[in-house]
Structures are given as C-alpha cells and as structure tokens.
Amino acid sequence: MDHKRTELGENIGFTSFADKKFNTCFLCVYMITEMNKETVSDYAVANSITSTVNSRIRTIAAMNEQLSELYGAHLDSYANRRGDMQFLTLSGSWLSNRFAIEGEDITEKMLEIITDCLFEPLFDEDIFKLSKKNILDCIDAEFNDKREYTLKKARSIAFKGEPAENSSCGTRESAEAVTTDSAREAYKRLMETAQIEIMYVSPDDDPRVAELFRERFARVERRSKAYSFYAPSPLKPSPELLTEEFDVRQAKIALNFKYDSSDTDAMHLMCIILGGTPVSKLFMNVREKLSLCYYCACRMNEFKNTVVVDCGVEKANIEKAETEIIRQLDEIKNGNITDEELQSALLALENSYSSFGDTPGSYVSWYFDCICKNRYITPIEHMEELFAVTKERIVEAAKTVKLDSTYRMLNKEAE
Amino acid sequence: MSTREIITCKRTGDTCVYVKHKSGLDILIREMPGFSSVYALFGTKYGSINTTFKLAADKEYTEVPNGIAHFLEHKLFENEDCGVFELFARTGAQCNAYTSFDKTCYLFSCTKNYTENLRILLDFVQKPYFTKENVDKEQGIIGQEIRMTNDNPEWRVLFNMLRCMYHAHPVQIDIAGTEESIAKIDADLLYKCYDTFYNLNNMTLSIAGNISVDEVLAICDEMLRPCADKGLETVFPDEPADIVQAEIREKQPVGASIFQMGYKCAPCKENFFKKEMTATLAMSYISDASSDMYLKLLSEGIINNTFGGEIFAGDGFFSAIFSGESESPEKVRDAIAAEVRRIIAEGIDERVFSRIKKALYGGYVRQLNNVTAFASIMINAHMAGCKPFDPVDIVSELTAADALEFIRNELTEDKIVLSVIEKM
C-alpha cells in the first residue's frame, strides 16, 4: 500500500492510498469546523444538500439515474462531531473501472459528480426543504435507539456548557430555524474557513484526483485555520445525576468519568481491561457473574478526557450495577490487573490494528484519526507504543479517573 | 473420503473451494491474497423457527420452547474448564455468535494465529457443557437481552408484521423467545437440541481471508469428529396462503414513527437465489428513487431518505418488505399498491430495468472484496442450497419479464400487511 499526504492549499490536505487488492474506489472529503450551537444545524442541512443534487445534475431523479448507471455508485454525506469540533463529510464510493461491463470510465464520472456537488451545490428551495426535513427526521429518530439516546444524554450532562454538548445535527429548534439563505451562507463560510481533508483510496495511484481538487480549490477564497480537537472537559465539583422516565421495558444507565492523565495509551488499555472485550472486568462481573445485564461496556473519548460506561439493566438493579461498575474500576486503581487481562487487552488491540487496510474505510478512518490527534503514526507504530505500557502506568492513569455525572433512563412500568 | 470442487465466478473470475468433508461437514474456503484478516463461521441449520423436529429413529416429533436455539447459542460459550471468550482472548481473536430464524453461527475474526483460532472454534462447538447452574445463570442475561430488543422499535415493527402475516409458521416468534418461554429451558432440553441439530451433516464451515486451503483442511481433518447422518426432519405447521390481519399499530416511546409494509409471498422451494434476486429487482424497480411514485411521496413529506425495500425469506417463508419512517404510512401503502397496479398494466420500462440491474450487479461485485461479507455470503448461500457467486451470474441473466411475473403473481393486495410503530 502506498500512502502519501500533500497540501493542496491553505489547510487543505489530500491523502491518497493505492491498494491493488480493492475492486472499489472511495473518496471522502472532511470539512472541519468549530462546533457551535448557532451554526451546527445550518452546516448539517447545507452538507446534506451536497450529496443530493448539484448545479449540473439538478434533480433527485437525475442524480439517482446517474449513480445507478454507474453500477450503483454511492454518494453520501453526514454530520459528526469529535472533541469540540463538528465535521461534515461528503463521500463517494464506486466500482473500479475494470469491472465495468460496458467499459465506462466510472471513476472519471464519479469525480466529476463529487466535485460538482462540493464546489457547485444547488441551494434550490425544494431540495433545501427535503434536506431540512431529513435532518429534522434524523434528530427525531435519535430517540428511537434507546442506547444511543442514553449516550447522547450522558454527553449532554458531561459536557454541559461546552461545544461538545451539542449533537451533530443540533436540536429540533435549531434545525427548524435554518433557512435556504442561512444554509447557503453557512456552506460558503464552510468552504472558505473549514480545515479540509480529502482522502482517496483506489486500486491504482491516480495523480489527476489531487490535481482536480487543487485546481477547484484554487478558485475558493480561503481564510482558514487548522483546528485542535483536544478540549479537556472539567470535572464537576460533585457528581451530577440526570434521570428521565419513559414507557420502556429496560432501564439504561451511563456513567461519565473524567480523567486527569496525559498517558493516553495507558488510559486506552485501562478502558479495554475495564469494559472493552468479552473478558473485561465489566463483562465478566456485571454480566457473567451477577447476571445483571446483557451489555456493559466502556468507551473512551480522549479529546474530552472522558470515559463512559453504559449498561441496560432492571430498574431494581441500577444501584447494584453502578456499585459494581465503580468497584471494578477501583480494582484497577488498586492494581488488581492480572497478566492475562493485560495480555488479552493488548492482543485484542493488536488484532484490531492488524486488520487495518482490509477495507477502504479502514485507511480513511485511521488517518482521519491521526489528523484529529495531529500525530501521524502507523497502526504498527502505535501498537509498539501500547506494548510498552506497564501495569503501573495503567494503575497511575486509572487513579485519576473520577465520576463526573450519571444519566439514568428509567422504565415507568417497573414502579 | 473428502471431495473438493473449485467454484468460479463467470463474470469476475473470482474463485472459492467447496469441500464435502468425510466427517459430513460442508466446507467453503476462499483464499484472499493481500488481506490481513481471517473471518470464519461455523454454523448449523438451526434457528428460532426449528421448534418441531425428529430424527429417523424417533417415533414422535419433539416440540421445544420458543427461544431455545438462541439460548443454546449462549450456553455453548461455556466449556467445562473455562469460558470460550477466554480461549479466544489468549489469541487476540474476536469471537461472537448469532442466531437467526433458520441458522446459528459461531464466528471469529483475527489477523494472527488463525489455525489456532480455527481449532478453538471447531472444538468448542463440538463440545457442549450444560448444567443446571449455568443454565439458570443465563436466564437473567437473556431476559435483559429480550427486554432490550423489545425496546427496539425496528424489532417490534418487524415481529408485529410477521404475527399479522403468518398464522402458524414459527417465523412470527421472537428469536430469543420470551422470559416465560426461556424459563422452561433446562440442560436436558439443550442436550436434546444439540444432539439433533449440531450434527456435522447439518452444518457448514465458511472461512475467508488470509488463509491456505490446505491448512484449513488439515485442521478440519484433525478436529472434526465424524458423524452419522441421523435423518433429521424438521416440520412446520401448515401455513395458509392468506394473511392474519392487514394492519397493526403499536404506540411506543419513539421520536420518529416507523413502518414496515410487507407482501406475503409463496415460500421458495427451489432456485432460492433466483427468486430472491428476481424479487429484489422487482422491489428496486417499484421503489426506484427516480420513479414518479417515490418522488411524489418524498416531495409531499410522506417518506424520507430512510425509505427502502428488502426481501425477507427462509425455510417456509418469503415476503417483500418496504420500510422507513413516516407519519402517514397508510399513504405509502396505498401508493405502493397503486404503483404495482400501474406496473402490471403498463409493463416494465426496459431502460430503467437495465439500470437497476447494473446497480445490483455493482453491489454484489463490491461484496466479493470484503473478507467478512464474503465469508457470510458463502455460508448463507450454501445453507440456501446455492453457490456463493450465483448472485453475480444470475443478475445478468434476469429479464424484465421475470420481474413482471413476480410482481403480477406475488404482490397481490390481499396479502399486504402494514405494521406501524407510532409515537405515544
């Protein structure tokens, strides 16, 4: 695999990966900006428009016809967040030319479509209404998935008053307030000020792709800056609790912890040992030993120095589960980590890191992560660092972990 | 004596190997040069619908509690000495399992030590260990899984629809059963089900990625214990062709109302992939995002970009389901029914049909390039009595007349069920 990153302009990076084993091409444009509750929905709606039509392909019907003629090529956009930043993506994936039955140049057509979507979006009133509705529906549907909703509410209390408290598409109210003009303005601002990262994965190196973007971006008046994704979140003076009650069958809890350690690798391993695998302390104790739940897992947000543990549980067992989660964390703080636990955490990570490169998406997500961390490193290099972490470092990192806040979703019928 | 056959995709030239192993097991293997990972599935044709069965030596059929196939899947992860997760943790592999309507599969993915992981997989699935204590312990865990899935509106909308579609076929039963039904499960029943369905003659191994065919087969020779074919017979109650009721609505705490609208079709007895792909093409044609029907529903705000269709089919059941978010699902149902009538009257536009075929072809070819997806394709195809590359080859042979025939014969208005999960 060949991998190279070049600067196409002011804060515009282009990274390409050539890997002959793939039969597809994948291109993803990231637009990174500050998360701000005043603009978050404008950006989400505007970005949604870019994957729907463009100034040359002006209707949904025409766009769909083009994409299906190109062997079911995909065009997609989404809004996401990391740290205190919002990022918007426009991506496309398509079959490599060598599989085109009728000899079409699928790549050339798709590059044309994507660059037209990016540089010549169509802020037509009808398309705007549809895109806005899609974003509103997306916001409403966040409550359909109770686990995701639990994690979202947990974030909102952990990061109260910080940009990271916002959802990727904003709230229903902020999305309702978006107008065609505000979306158009937001998109113009985004193209001028966002940090842009373009990633392209294909079977063969194709220099015309970088040149195409260089040439198109040269026509945009840029006044951008590179952003930092790290925005540590302060620990609350005392742990806060937010409770909501719904007509659900299972209660859910999410515990936010914050840490004060710069040893990210040690913290990463701490999380795997605590609740990252089916042999982790939470799985083996909260699920297997106490039979309290089906899932109990831990994830880390290194940009916000936060660890969150979530679990689906009987309402009557909530306190028992919370006590056990904290007891298992204390076990790590007290140095009770077996050699097997450390070894299996490392092997699980190694397994995950070694599969890097098996999908086009794995290249893109790894190097986007490097950009967010402002640290370019290969999976193998990172693995070597992780293998150097000692039990003592994990314990020291764990000792800084403190409960910040808890979200509980309760079921009414259990009362 | 094992037999070996190389299966080739006519269109792309990709190959995989099928082996009928001397133990009775069917094995599908695909070496994928350049990939780092390995994905393996060891599965049995035993899912939630297989609630009534007998072996050739049995006089009577045995009926078992709902959810037992799924319960068995959980319990197979415990060995006499230690948990299976711990064995895989020592190698770094990720392991898991799933139970569907008609199969149970145990799987691992890894990038190193695949031979050792394959040994663990083949060993633990052939070595059940059920006790009263470990069965009792699992009740609480699965009880929580059942509650979790019952809070999942996508799950509820599907099972509500299936209950309205099928009178007697067990596809309408929740895969995990209910808290009441799993309370009836004990170690003896689990052994009975295990001995019946976990016979290598009823099982398939599928493995793809950074592997060698010869290494895989050597491990199979070493680990597989030959099984006599005991003449397994599963039966389903007679299922009438008509539906139970045309509509069901349930209020749930959701942010967006969702629906599934399904046509009950005749179950497929042979050429499963051909019927499934004909149906997929027909549905893609009906719900094509360039069609007048789609654009009208979209512009009126009745559907959004979650709208789509899929085929839901297996042993004794086959339905064509349209789904999405909508606050007016009855309007979607009526529009689709009207579109079906229009297509039957006016026929299929060859140009549009050809474009949809190209899109479907592209989707299948892409999956050949993914270790996980292809290993799954191999086991699913084989258990459905087909070959893994059949979709790529069949799609190019299907005609607009095939799709029209499916629409005319199968998508009849008296077989429509609309299931809705509404906001409270």
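Which domains does the domain assignment of chain B give? In this predicted model, chain B holds domain 1 (3-234) and domain 2 (247-423), with bounds that come from an automatic or database domain assignment. Residues are numbered from 1 along each chain as its sequence is written, and chains are lettered from A and ligands numbered from 1 in the order in which they are written. Because the model is predicted, local features need pLDDT of at least 70 and side-chain atom pairs count only at pLDDT 80 or more, while totals for chains, interfaces and linings use all residues.

A distance of 28 Å separates the C-alpha centres of domain 1 and domain 2 of chain B. Where these domains touch, domain 1 of chain B contributes 41 residues and domain 2 of chain B contributes 34 residues; two residues are in contact if their C-beta atoms, placed from the backbone, lie within 7 Å. On the domain 1 side, at least two residues each come from β3 (26-31), β4 (38-44), β8 (104-110), α5 (153-165) and β9 (203-209) of chain B. Helices (H or I, at least four residues) and strands (E, at least two) are DSSP runs, numbered from the N terminus. The most residues on this side, nine, are given by α5(B).

Chain B also meets chain A, in a contact with 54 residues from chain B and 49 residues from chain A. On the chain B side, α2 (84-89), α4 (132-150), α10 (292-299) and α12 (350-367) of chain B supply at least two residues each, and α12(B) has the largest share, 10 residues.
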